[in-house]
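Subject: Structure handover

Hello,

Please find the structure below, followed by notes on what turned up in it.

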Amino acid sequence: MTEDDVVAELASGMTIGIGGWGSRRKPMSLVRAIARSNLEDLTIVTYGGPDVGVLCALGKVRRAVYGFVSLDSIPLEPHFRNARQQATIEFTELDEGAFYLGLLAAAHRVPFYPTRAGLGSDMLTMNPELRTVASPYPDEGGDHEELVAIPAFCLDAALVHMNRADAAGNGQFLGPDLYFDDLFAKAASRTYLSCEKVVPTENLLDEGTVHTLKIPRIFVDGVVEAPRGAHFTECPPDYGRDEAFQREYAATARDPEAWEAFREYYVEAPGHDEYLARVDARSDEKSES
Amino acid sequence: MIPVAIDEVCAVAIAEAFRGDGEILCNPIGTTPIIGGRLARATFEPDMVMTDTISVLAANTLPVGDPDAERLVEAWMPYRDIFDVVWSGRRHIVMGASQIDARGNQNLAAIGDWQKPKAQLLGLRGAPGNLVNHATTYWVPNHSTRTFVPEVDVVSGPGYDRVAGLSAAVRDNHEIRRVVSNLGVFDFANDEKRMQLVSVHPNITVDQVVEATGFELVVGDEVVEPRLPTDEELHLIREVIDPHGLRKAEFGS
């Protein structure tokens with residue numbers, strides 16, 4: 001598949017989960033394909049980074065559901081920050097661990113998972129739709145403990161980026177952390193997996209042990225080969241974060257004209273190859289000057 | 001030795017928060033807290049485990065801000081596994097606080113109305129879950145009436161008043177061990193569970209602390225002298241844990 005083939009299977013109003021974490025291994029070529037599409041009114045579910053920032057800045061997001069939104073080396077995602085401070089999006093902000101349970105509940109097809117996270121804090125105030133549930137089992141004191149019921153995040157689609165995959169959709173991460181990409185895949189009706197490189201199934205163990213094969217093809221509906229598809233976020237061991245590019249992206253949040261130029265030239269570049277050509281031309285320019 | 005600097009006093013004050021913790025995950029966030037945690041493990045709390053801030057537990061004392069430093073890996077600890085540790089209770093975190101009040105309610109999330117904030121900050125992050133599962137210490141490098149406030153705008157980490165009516169399990173797990181600021185050290189070790197002054201840093205007066213605090217601080221008859229860094233601790237801070245002086249950045253130099 002291509003990125004545009006994936007977008008053709010999505011629809012406005014959908015709830016879309018995006019894998020990776022902060023500014024790490026985000027399926028950015030798929031995010032940019034959404035950016036240049038007609039899709040709108042989306043609910044984005046994510047441990048957020050520039051995926052949320054870009055889509056908010058383009059007005060694609062109705063609601064963001066997140067454990068946090070950060071660019072790591074830049075702690076606050078500035079485009080997301082604009083969206084929150086101008087109240088242009090609805091939002092569901094959860095404790096980072098509670099967010100994990102929403103994915104887990106969807107993956108396991110149960111309506112909720114209980115947790116103590118959120119009791120006493122403003123998580124319940126900020127999310128009045130959240131409910132608590134009494135334990136059916138008494139504790140030692142005979143009390144039925146009240147717990148927060150984190151609802152399942154049922155996703156219409158999930159987008160994740162892996163280091164390697166085979167054409168059938170078996171995904172492989174070669175970096176230090178899978179994050180929640182396997183759960184995103186399991187929580188979604190349809191999962192689209194982009195990867196740095198598609199390899200024959202018999203070569204899946206060439207670069208990593210069996211422990212790195214965490215997303216089996218039964219949870220994957222489409223594969224896109226996208227070398228440097230996570231740029232400018234990191235995708236170790238294939239490449240690190242492009243910090244200079246990220247700084248440029250972040251700076252556009254303070255300057256509408258700069259954002260317009262950045263959006264037109266990079267975010268809405270007509271395809272992933274053209275995007276990479278423009279990124280490389282930029283780097284060549286910088287190294288010459 | 002060069003005279004003790006305020007950043008070194010603060011690192012030791014944070015290290016002291018871990019005294020007696022034993023074999024748990026020592027999980028400080030931010031440069032000065034990480035220095036304090038690594039200092040505690042390198043000296044009086046050797047059984048604690050610590051992450052490399054990325055994805056493994058490293059058994060050796062790592063320098064801050066050096067992603068290439070050699071790690072003595074003792075376990076894999078990807079992000080998801082942190083929550084198993086949080087929920088097990090075997091963890092003590094040091095977090096920042098953009099605002100904190102007399103009962104220990106912490107705000108990391110937003111300034112102003114959370115529906116349309118004046119300033120969107122880091123968010124709730126893991127604070128709601130941390131506070132109801134295991135010990136927490138706060139680090140506030142800019143003690144003022146803007147950070148020590150009568151009422152926080154959003155409660156990320158609940159304080160003692162917020163958990164008082166909750167289940168026995170929550171109350172048992174909830175502990176705000178200490179608050180360390182650039183002016184002094186505070187705890188909640190009184191019947192009312194209100195923030196009280198434990199010690200003031202060198203060259204700081206009790207009046208200065210009271211003036212910089214936006215609520216009534218409990219000040220006992222005896223505000224103790226802080227424990228100053230030993231020569232061994234100064235060596236560890238200056239030569240091993242933070243040889244490039246990254247800690248100075250939080251103290252405006």
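Gly252(B) sits in the segment after H8 of chain B; helices (H or I, at least four residues) and strands (E, at least two) are DSSP runs, numbered from the N terminus. Gly252(B) counts as exposed because it has 8 C-beta neighbours inside 10 Å. The scale used is this: a residue is buried if 20 or more other C-beta atoms lie within 10 Å of its own, exposed if 12 or fewer, and partly exposed in between, with C-beta atoms placed from the backbone. Between the C-alpha atoms of Gly252(B) and Pro141(B), which are 111 residues apart along the chain, the separation is 9.9 Å.

On conventions, this is a predicted model, in which local features need pLDDT of at least 70 and side-chain atom pairs count only at pLDDT 80 or more, while totals for chains, interfaces and linings use all residues. Residues are numbered from 1 along each chain as its sequence is written, and chains are lettered from A and ligands numbered from 1 in the order in which they are written.

Chain A comes in two parts: domain 1 (3-94 + 153-199 + 207-278) and domain 2 (112-135 + 143-151), with bounds that come from an automatic or database domain assignment. The C-alpha centres of these two domains of chain A are 29 Å apart.

The largest nonpolar core has 142 residues, and the members touching the most others are Ile44(A), Leu55(A) and Ala187(A). Domain 1 and domain 2 of chain A each supply at least three residues to this core. By nonpolar core I mean a set of buried Ala, Val, Leu, Ile, Met, Phe, Trp, Tyr and Cys residues joined through C-beta atoms within 7 Å. In soluble globular proteins, nonpolar side chains tend to be buried together. Leaving out residues up to four places away in sequence, Ile44(A) touches Ile16(A), Ile18(A), Val52(A), Leu55(A), Val61(A), Ala64(A) and Val65(A); two residues are in contact if their C-beta atoms, placed from the backbone, lie within 7 Å.

Next, some strands of chain A. Strand S3 (residues 61-69) of chain A is mostly covered, with seven of its nine residues buried. Strand S2 (residues 42-48) of chain A pairs with S3(A) in the parallel sense over six bridges, where pairing requires that DSSP finds at least two bridges between the strands. Val69(A) in S3(A) is the bridge partner of Gly48(A). S3(A) and S4(A) also run parallel and are joined by four bridges, and Arg63(A) has Glu90(A) in S4(A) as its bridge partner.

Chain B puts 35 residues in contact with 33 residues of chain A. On the chain B side, the elements giving two or more residues are helix H3 (79-88), helix H4 (127-131), helix H5 (160-163) and helix H6 (168-173). That side divides into 21 nonpolar, 10 polar and four charged residues; Ala, Val, Leu, Ile, Met, Phe, Trp, Tyr, Cys and Pro count as nonpolar, Asp, Glu, Lys and Arg as charged, and the others, Gly among them, as polar. Gln120(B), in strand S8 (residues 119-120) of chain B, touches Arg81(A), Arg84(A), Gln85(A) and Ala110(B), not counting residues up to four places away in sequence. Gln120(B) counts as buried because it has 24 C-beta neighbours inside 10 Å.

Within chain B, 11 of the 12 residues of H2(B) are buried. The buried residues of H2(B) pack against helix H1 (6-17), strand S1 (25-28), strand S4 (91-96), strand S9 (135-140) and helix H8 (231-241) of chain B.

Last, the backbone. Most residues other than glycine have a negative phi, and most peptide bonds are trans. A cis peptide bond links His231(A) to Phe232(A), with omega about 5°, and another links Pro236(A) to Pro237(A), with omega about 0°. Phe232(A) is in the loop between strand S11 (222-225) and helix H8 (243-251) of chain A, and Pro237(A) lies in the loop between S11 and H8 of chain A. Phi is positive, near 70°, at Thr53(B) and is also near 70° at Asn203(B). Thr53(B) counts as partly exposed, with 15 C-beta neighbours inside 10 Å, and Asn203(B) is exposed, with 8 other C-beta atoms within 10 Å.

Regards
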